[in-house]
Amino acid sequence: MTGQLLEVNDLHISYKVYEGLLRVLNGVSISVGEKEKVGIIGESGCGKTTTMKAIMRILAANAMVAGGTIAYKGHDILRLGRQELMRLHRTSMSMIFQDPTAALNPVFKIGDQLQDIVRYSEWRSSVPNKQEVRTRAVELLKSAALPEPERILDSYPFQLSGGMRQRVCIAMSLASAKDLLIADEPGTSLDVTIEDQIMRLLKQIVEERGLSVILISHSIGAVKGFVTKLYVMYAGMMVEEAPTEELFSNPLHPYTQNLLKAVPKLTGGGVPEGIAGRIPSYLTITDACRFGSRCRFAKEHCHINAPPAFDVGNGHKVACFLYGGS
Amino acid sequence: MKGAISRGGFDYRKSWHKFSKNYLSAVGLGVVLLVAFVAIFAPYISPYPSHAEFYVNYPEAHEPPNWVHVLGTDQFGRDVLSRIMFGFRYSLMMAVVVLSLVVPPGVVLGLVAGYYRGGKAEMVIMRAADIFLAVPPLVLALSICSVLTPSVFNAMMAVSLMWWPWYTRLVYSISSSLRNEAFVQAAEIAGASPFHIIFREILPNCLGPILTKMTLDAGWVILIGASLSFVGLGAQPPTPDLGTMVSEGGKFLPELWWISMFPAMTIVLVILGFNLLGDGVRDLFAAEAV
């Protein structure tokens, strides 16, 4: 593995709301190498999307970065000037959103939107002419496995099906993602067969183009065959980090163990029990382990201090006092 | 199969169907088109074009409606119908000038305030708008006009000055919610400039409500303009402005009712026409239930 493409270190993010301060992210660290495929799993509301938005720097206006750094290709993302950030967005990194319907502007044809992106994806070097832009847009649609690209360029988003819209979004992100692609639950709003197609397509494209990927999902099955390294997030903390195989064969954190057990199996055994309780309120959160209230193994000190990440070898890190510390 | 996805483009028949679902909007459109036609061709179709401005013919003064003067004559013997036809010109000019002065800055300010939500720009723009909105529009226009020399031009300026905050408010409310839509964020992460996002992503999504409000406002601007003329702060006699005609003719009520009643009724007609048309425009842009 050559140098790291993206290094998120000890990121803390809070949201200011009327009720007070929502301390959402609490020390999140991610590293993504060149051409590495990384997955992040965790239940809804555990800060996956907030982390990605911080990497893209499109956080809501009431979000506050309380600490931590994001390094991307030697740039300090959080302190980057407007122009530099725009250049990275246009030429290097991109993101696919959960809901393709919301991610496309409803009043423009696909062609107008896609060609705008193509036109600006070359940073002020040479402005390509109309024909080149159109050819490139058609190529992008073709690479996203869309039939009849010419017709799709002339369609409005509402004239396409959900799966086609997500393919269009993938095509759009490919225009500017030359290094890093973030896929934020790309299949969640689609039905399962389409989701499967989209994931296969994404995997194929990413491998062909040699992109680094961060894939976010709360469906464990979807990420298993895709990524080489997995992060498990819970309530704004990274609870476990391991190579995919290692994580599935040897889950260490109690939350990860429960999460894996909660997947229903076709081979019977009924509906699994799931994990009792729910994510604690970010408003009243303390310094204790955030999983403490739902953890069967919780001891006294778990309710006082949060565990740091302990390295247990094989690139496997786990933030739990069961594996080290006091 | 060709046509499985219909080609993009403006479908006139479908638009007309949506617009005319409520037949009153078609009536409104008819009234507005008629008024516009009469205003444009007033010198050719009015029975006595010379009666529009300064003209005196005392022998024919104070005539009630008859076959020679369909809506009667005023105190100087001028044909009321001809003057009303010319009056439409001033009313429509008022609406066109005021709206074209007001809409662009109002919309741009609203877009900027919505895009930079939570920032200083929003604070300054929206509080300024609030200050203008806090003063009743007619009172503000009256005070401005009474400081300046009363004229049609100054009345237009005064109405324009107090009208922009409505557009700023309207556009601000739409753009600040669109600001958080995924397609705006998608544009941001594709490296779009704020200019592109404001004018190419957000503005086109605000056009429906803006056009609807413009149509409805045309009627209100005409009413305010007529009110200013009525109290003598807008168009000055002998300009054939509908408001001026009502106030001049008001002195002869109730015996010589036609001098003021007919201009007053046409004001009602024009405003009603614009309001009905506005409803139709709103239906035109309303999202279809699928």
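In which sense do strand β3 and strand β8 of chain A pair, and over how many bridges? I looked this up and found the parallel sense, over five bridges. Strand β3 covers residues 37-41 and strand β8 covers residues 212-217 of chain A.

**Entry 1: ground rules.** I noted that this is a predicted model, in which local features need pLDDT of at least 70 and side-chain atom pairs count only at pLDDT 80 or more, while totals for chains, interfaces and linings use all residues. Residues are numbered from 1 along each chain as its sequence is written, and chains are lettered from A and ligands numbered from 1 in the order in which they are written.

**Entry 2: the sheet in chain A.** I counted helices (H or I, at least four residues) and strands (E, at least two) as DSSP runs, numbered from the N terminus. Chain A has eleven helices and twelve strands. Two strands pair if DSSP finds at least two bridges between them. Eight strands make an open sheet with mixed pairing, in the order β6-β7-β8-β3-β9-β10-β12-β11 (chain A). At its edges I found β6 (93-96) and β11 (310-311) of chain A, each pairing on one side only. Ile40(A) stands opposite Ile216(A) in β8(A).

**Entry 3: size of chain A.** I took the radius of gyration over C-alpha atoms; the globule rule is 2.2 Å times the number of residues to the power 0.38. For 326 residues a compact globule would have a value near 20 Å, so the 21 Å of chain A agrees. The C-alpha trace of chain A spans about 70 × 50 × 45 Å along its principal axes.

**Entry 4: confidence in chain B.** I read pLDDT as the predictor's confidence in each residue, from 0 to 100. Chain B averages 86, and 95% of its residues score at least 70. The mean is lowest in helix α1 (residues 12-19) of chain B, at 81, and highest in helix α4 (residues 80-115) of chain B, at 93. Over residues 1-8 of chain B the pLDDT is below 50. Where pLDDT is low, the predicted coordinates should not be read in detail.

**Entry 5: where the chains meet.** The predictor gives the complex an ipTM of 0.71 and a pTM of 0.76. I called two residues in contact if their C-beta atoms, placed from the backbone, lie within 7 Å. By that rule, 20 residues of chain B are in contact with 26 residues of chain A. Which helix gives the most to the side of chain B that touches chain A? I found α8(B), with six residues.
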